[in-house]
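This report goes through a protein model in running text, with the cut-offs given where each term comes in.

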Amino acid sequence: MGIAVRNLRKSFGSFQALDNVSVEVPDGSLTALLGPSGSGKSTLLRVIAGLEEPDDGEVVIGEQVATGLPPQRRNVGFVFQHYAAFKHMTVRDNVGFGLRIRKRPKAEIRQRVDELLALVQLDGFADRYPAQLSGGQRQRMALARALAVEPRVLLLDEPFGALDARVREELRDWLRRLHDEVHVTTVLVTHDQEEAMEIASRIVVMNHGRIEQVGTPAELYEHPATEFVMSFVGKVNRIGDAYIRPHEVVICELGRAGCLPATIERVVTLGFENRIELALPDGERVWAQLTRDEVASMQPATGQVIGVDLSRSRRPGWELGGYEPTRPEPVLGAVIPLRSDDERGWRARSANG
């Protein structure tokens, strides 16, 4: 069941948490609300759930206007960052709590709980208490509890934020597979861009209470609509007011047209990838992403001067909407980001000294 948010506004005193926000979440999708702290993503999720009342605008869930409905009548499942488990109840009782409140038959509750515990891979833990579970297991229990009442929409507010990095990675893959099985419309709040890009099929990028861009992970990365999206989504170098992705910093032969000298300041080995941190003649710093084979071939060392081609750098054209970045052929000289007054989009140009 899809969600439509229209012209939402919400303030807390003088702080504008949501500023005329409109967005649609397709039925059955897994959509991430991505942004830094204070961007409004959690407030938007709470307004959808009915935990916060908007100052203006409306929320539609399916075909029903839900703006004035209390949370219990919206039929949404909500999972918080900190589990919110009933410590005195077993895993089985925690998962079945919502069904008992709705006075479902005991046999139905037991069957439904057994199905969900198997789904979230906790079928051997039904009689344990929350304190006897790991953090990842407690969060899977919380998800099972949210799914028990068969919600129309599942809302997740930074569900993996309190877990260590390795457990978060495991649960990302698990949540993606879980969604593929249950197909419930899901909205995930996160400030972790890697998490959003790995889990979600659509991402809503928020900043200062407004939506910067909505798109697939690939669209946001390859075709950012604003400077904020370019700088926030994915790894990026900033050179003056231009931007370049680390994998677009090309190592080249010194003396070639458009190849600038750069001094290696540090070589970082991350196993599956490598990075070299470089200082340019004008004092700017960039880092390049290299494969293991590239590093083995060039044998980079601190203090070594190498050539870099920055002709794929881009500068914001300040216009909202999609664009196709141009990649001009490099010519001799320094890369200077310029904006053409008669064209839109991101553009980088070289100057002839």
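A residue is called buried under 20% relative accessible area, exposed over 50% and partly exposed in between, with a 1.4 Å probe and protein chains only. Helices (H or I, at least four residues) and strands (E, at least two) are DSSP runs numbered from the N terminus. The model is predicted, so local features need pLDDT of at least 70 and side-chain atom pairs count only at pLDDT 80 or more, while totals for chains, interfaces and linings use all residues. Residues are numbered from 1 along each chain as its sequence is written, and side-chain values use heavy atoms, with hydrogens and water left out.

**Overall**

The protein has nine helices and 19 strands. Of its 353 residues, 48% are buried. Contact means heavy atoms within 4.5 Å. Among contacts with a separation of 6 or more, 64% are between residues 24 or more positions apart.

Helix α1 spans residues 41–49 and is mostly covered, with seven of its nine residues buried. These are Lys41, Thr43, Leu44, Leu45, Val47, Ile48 and Ala49.

Phe12 belongs to strand β1 (residues 3–12) and is partly exposed at a relative accessible area of 38%. The C-alpha atoms of Phe12 and Asp55 are 9.9 Å apart, although the two residues are 43 apart in sequence.

**Helix packing**

Axes are lines fitted to C-alpha atoms, for helices over the stretch in contact, and angles run from 0 to 180 degrees between N-to-C directions. Angles under 35 degrees count as roughly parallel, over 145 as roughly antiparallel, 65 to 115 as roughly perpendicular and the rest as oblique. A crossing is right-handed if the near helix is turned clockwise from the far one by less than a right angle, and left-handed if anticlockwise.

| Helix pair | Axis distance | Angle |
|---|---|---|
| α2 (residues 91–101) and α3 (residues 106–119) | within 9 Å | roughly 125° |
| α4 (residues 135–148) and α5 (residues 165–182) | 11 Å | about 25° |

Helices α2 and α3 are therefore oblique to each other, and their crossing is right-handed. In this contact α2 supplies Val91, Arg92, Val95, Gly96, Leu99 and Arg100, and α3 supplies Ile109, Arg110, Arg112, Val113, Asp114, Leu116 and Leu117. By class there are seven nonpolar, one polar and five charged residues; Ala, Val, Leu, Ile, Met, Phe, Trp, Tyr, Cys and Pro count as nonpolar, Asp, Glu, Lys and Arg as charged, and the others, Gly among them, as polar.

Helices α4 and α5 are therefore roughly parallel, and α4 passes α5 in a right-handed crossing. Gly136, Gln139, Arg140, Leu143 and Leu147 of α4 meet Val167, Leu171, Trp174 and Leu178 of α5. That contact has six nonpolar, two polar and one charged residues.

**Aromatic pairs**

Rings of Phe, Tyr and Trp (its six-membered ring) pair if their centres lie within 6.5 Å; planes under 30 degrees apart are stacked, over 60 edge-to-face and the rest tilted. The whole structure contains three aromatic pairs. In one of these, Phe78 and Phe80 have ring centres 4.5 Å apart and planes at 40°, so the pair is tilted. Phe78 is buried at 18% relative accessibility, whereas Phe80 is partly exposed at 34%.

Phe228 and Phe232 have ring centres 5.1 Å apart and planes at 15°, so this pair is stacked. Both residues lie in helix α8 (residues 227–232), four residues or about one turn apart, and both are buried.
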